[in-house]
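Hi,

Here is the structure I promised to pass on. My notes follow below it.

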Amino acid sequence: MGRKGLKFRHQVIDPAPPGSHHDITLLADINGDGRNEIIIGGKHGPPNLFWYENPSWKRHAMADAPDLEAGGALIDINRDGRPDIVAGQQWGGRELYWFENPPDPRQRWPRHVIENRFNKYHDQAVGDIDCDGEPELIILSQKAGVLVYYDIPEDPYQEPWPRTCCHLIAQFTDDRIEGLRVADVDGNGRPAVVAGPTIYRMSTRRRWQVESFAPDFIMTRAAVAHLTGHKEMDIVLCEGESHPGRLAVFSPPDRRPQVLRDDLFHPHSLEVADFDGDGRPDIFVAEMGLGRHFNPRMFIYRNLGDGRFEEHLIQTGVPTHEAKVADLTGDGRPDIVGKGYDPERHVDVWFNET
């Protein structure tokens, strides 16, 4: 369904996935066939990490790892050319894992411990934030109150990784910080870390400059893109664990919020992509259900240029959590993948037929 040229076809690829409280959604070509597969993880199983093979959507078990938290990241940890998965435990759990992509990804993925000192690993991201030519792993641990990054050790099979690989970016006392992105926010060739309402920029000797641009936004999802034509990048936040929750664009140079919606119900899905093929990135946001919001909505805000956005209601009645966007069909158009969280249990695809 859709309006004014935006058209999506909804398909439930699994009406009853295993486990519950499905947190993680990742999209990547994990079997080397040129197509993006769908990876889902949750708090309870078994298994609580599994994937769907494109295009049959046959489900394969990956690993049993109790109490996985929302987030997840794809990175080639052991440098074998295949994407591995990083995910951590929820509140009460102290382990951060990487799951090794085996030669046949239909087999079980070995689990390895990266870290066991922190608590509640809600978000992970990947980027070369120290500009050494190698990707780093960046993580938020809300209950421990730390934002850190890891150099991948020469031997990533050490458990846990040596503490010398871990570098502190920031400490905080507010455990409501969520949403993590790595991007060249300033357009100067140096990646920065966006952690919820704050930008962290590395200066000399691993010292960090801190810019708080949205201090009253809490428990957010975050996205970063060139939306309004500036050299610097725009930041989009939505209050993913709130009702009513806001969706806003923060544009340079002053980053005053342009609020697009202020009545959302737990909008725990936020992505930016060019859905209509006009060369400008658009904004996607979707609401959860949680057993008490019976008409959740999914929106795309078409980017009209010059900081103008046009709202399109794409779907109603399908609760969605931590949805992600990627081309699943090879036609160059970004599709949408989401799933229910709790008590809803389903995995959904919205194929972009715009």
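**His122 and its surroundings**

Not counting residues up to four places away in sequence, His122 touches Glu69, Ala70, Gly71, Leu140, Gln142, Glu178, Arg221, Glu241 and His268. Contact here means heavy atoms within 4.5 Å.

This is a predicted model, so local features need pLDDT of at least 70, side-chain atom pairs count only at pLDDT 80 or more, and totals for chains, interfaces and linings use all residues. Residues are numbered from 1 along each chain as its sequence is written, and side-chain values use heavy atoms, with hydrogens and water left out.

His122 sits in the loop between β9 (111–115) and β10 (123–127). Strands are DSSP runs of E, at least two residues, numbered from the N terminus. His122 counts as buried because its relative accessibility is 2%. Buried means under 20% relative accessible area (1.4 Å probe, protein chains only). The side chains of His122 and Glu178 make a polar contact of 3.3 Å. That term means a pair of N or O atoms within 3.5 Å; within protein, one must be able to donate a hydrogen and the other to accept it, and residues adjacent in sequence count only if both atoms are side-chain atoms.

**Strand β20**

Five of the six residues in β20 (residues 245–250) are buried. Two strands pair if DSSP finds at least two bridges between them. β19 (residues 234–239) runs antiparallel to β20, with four bridges. Val236 has Val249 as its bridge partner in β20. Five residues separate β19 and β20 in their hairpin.

β21 (residues 257–264) is also antiparallel to β20, joined by five bridges. Gly245 stands opposite Leu264. Six residues lie between β20 and β21 in their hairpin, and Arg255 in the turn has a positive phi of about 55°.

Best wishes

Terms used. Buried means under 20% relative accessible area, exposed over 50%, partly exposed in between (1.4 Å probe, protein chains only).
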